[in-house]
Amino acid sequence: MDTLTASFTIEVDGTPIAKVGPDAEDRAQATTGPDAAVFTLKDGRLRSGDWVLARPTREDRSFAPKPVRWYKASAEDDKLPVHPVSAHEDGDTYQIKFASMHNNCLTPCAVSLIGV
């Protein structure tokens with residue numbers, strides 16, 4: 001699915017992805033922390049406030065872990081240099097998956113839906 005109807009948080013190894021810091025540039029590395037970002041997923045774009053969380057379309061071709069970054073959202077979100085994000089139901093929960101360009105590898109993250 002490329003759209004979820006409820007807002008949610010995302011956890012990596014039990015720790016939520018944190019909101020973007022107030023002094024962040026147009027692009028910032030995602031981090032985990034206690035101040036959890038609240039997301040929406042619509043049309044393959046993972047948004048939290050004025051930011052989009054995604055993997056860049058231009059990545060090195062190694063098998064090393066790839067960064068997930070915040071991108072400042074704009075009216076032209078469809079032109080951001082990022083891969084789409086999808087959600088997959090896994091029992092009573094969902095997994096958010098960030099697709100990569102060169103091998104279509106999917107990186108799952110746990111999702112906690114809010115207000116469902």
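Figure 1. Helices (H or I, at least four residues) and strands (E, at least two) are DSSP runs, numbered from the N terminus. Read from that end, the elements go β-β-β-β-β-β-β-β-β-β. Keep in mind that this is a predicted model, where local features need pLDDT of at least 70, side-chain atom pairs count only at pLDDT 80 or more, and totals for chains, interfaces and linings use all residues. Residues are numbered from 1 along each chain as its sequence is written, and side-chain values use heavy atoms, with hydrogens and water left out. Of the 116 residues in the protein, 40% are buried; here buried means under 20% relative accessible area, exposed over 50%, and partly exposed in between (1.4 Å probe, protein chains only). The accessible surface comes to about 7000 Å², and carbon and sulfur atoms own 50% of that (Shrake-Rupley method with a 1.4 Å probe; for residues, only the protein chains shown count as cover). As for contacts (heavy atoms within 4.5 Å), take those with a separation of 6 or more: 54% come from residues 24 or more positions apart.

**Figure 2. The hairpin of β1 and β2.** β1 (7-12) and β2 (residues 15-16) run antiparallel and are joined by two bridges; two strands pair if DSSP finds at least two bridges between them. Glu11 sits opposite Pro16 in β2. Two residues lie between the strands, and Asp13 takes a positive phi near 50° in this hairpin.

**Figure 3. The hairpin of β8 and β9.** Six bridges hold β8 (residues 85-90) against β9, again antiparallel. Look for His88 across from Gln95 in β9. This hairpin has two residues between its strands, and Gly91 has a positive phi near 70°. β9 (residues 93-99) is mostly covered, with five of its seven residues buried.

**Figure 4. Inside the largest nonpolar core.** A nonpolar core is a set of buried Ala, Val, Leu, Ile, Met, Phe, Trp, Tyr and Cys residues joined through side-chain atoms within 4.5 Å. β1, β6 (51-54), β8 and β9 are the elements that give two or more residues to it. β9 gives the most, with three. Zoom in on Leu53: leaving aside residues up to four places away in sequence, Leu53 touches Ile17, Ala30, Phe39, Leu46, Val68, Arg69, Trp70, Val85 and Phe98. A second, separate core has six residues, including Val52, Tyr71, Leu80 and Val82.

**Figure 5. Phe8, Phe39 and Trp70, a cluster linked by ring pairs.** The structure holds two aromatic pairs. Rings of Phe, Tyr and Trp (its six-membered ring) pair if their centres lie within 6.5 Å; planes under 30 degrees apart count as stacked, over 60 as edge-to-face and the rest as tilted. Phe8 and Phe39 have ring centres 6.1 Å apart and planes at 25°, so they are stacked. Phe8 lies in β1 and Phe39 in the loop between β3 (27-29) and β4 (40-42), so this pair ties together parts that are 31 residues apart in sequence. Both Phe8 and Phe39 are buried. For Phe39 and Trp70, the centres are 5.6 Å apart and the planes at 5°, so this pair is stacked too. Trp70 belongs to β7 (residues 69-72), so its pair with loop residue Phe39 ties together parts that are 31 residues apart in sequence. Phe39 has a relative accessible area of 0%, and Trp70 has 2%.
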